[in-house]
Amino acid sequence: MAVSSSTILVRSEAGGVSWGASPVILLGRFLFVLIFLMSAPMHFSSQTIGYAASQGVPLASLAVPLSGVIALAGGLSILLGYRARIGAWLIALFLAAVTPMLHKFWAVSDPMMYQMQFIMFMKNVSMLGGALLITQLGPGPWSLDARRK
């Protein structure tokens, strides 16, 4: 089977992912969820809740900690590969809600803050794309989901 150097997943003759791609997929899952796992505890701080409230997040004292639980649950699910498609939907839900509420670059007049909010918005849109890919492709072979099959 010929595989070009630009191929991301190397498929075996049986159609599964080759052994060599498995550690790369696991590393990708880890790097993808690292931001969610590291930032989830901050969702319980008064500073984060206060910032969200200042940005117009309704019921910030409830919504922000709930979003932290969603980010943590989704991140752990993807990292471990346990019901990773559901975890990815949780991350997608989190990003779809948080991104337009907290990164309103279109409403910022200061050029530096505009640039910062635009970058944060696009970072979240990019991660949303990654989460949507996981909802469809799953966690890969080195996962608890794969072991169950």
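Helices here are DSSP runs of at least four residues, numbered from the N terminus. With that in hand, let's look around this predicted model. The protein has six helices and zero strands, so if you follow the elements from the N terminus on, you read α-α-α-α-α-α.

**The salt bridge**
- In helix α6, which covers residues 144–148, you'll find both aspartate 145 and arginine 148.
- These two sit three residues apart, or about one turn of the helix.
- Side chains of opposite charge can pair when their charged atoms come close.
- Here, the side chains of aspartate 145 and arginine 148 meet in a salt bridge, at 3.6 Å from N to O.
- The count of salt bridges comes to one.
- Aspartate 145 counts as buried because its relative accessibility is 12%, and the cut-off for buried is under 20%.

**The whole protein**
- Out of 149 residues, 34% count as buried.
- The accessible surface comes to about 9,200 Å², and 73% of that belongs to carbon and sulfur atoms.
- Take the contacts between residues at least 6 apart in sequence: 61% of them join residues at least 24 apart.

Conventions
Residues are numbered from 1 along each chain as its sequence is written. This is a predicted model: local features need pLDDT of at least 70, side-chain atom pairs count only at pLDDT 80 or more; totals for chains, interfaces and linings use all residues. Side-chain values use heavy atoms; hydrogens and water are left out. A salt bridge is a side-chain nitrogen of Lys or Arg within 4 Å of a carboxyl oxygen of Asp or Glu. Buried means under 20% relative accessible area, exposed over 50%, partly exposed in between (1.4 Å probe, protein chains only). Contact means heavy atoms within 4.5 Å. Accessible areas come from the Shrake-Rupley method with a 1.4 Å probe; for residues, only the protein chains shown count as cover.
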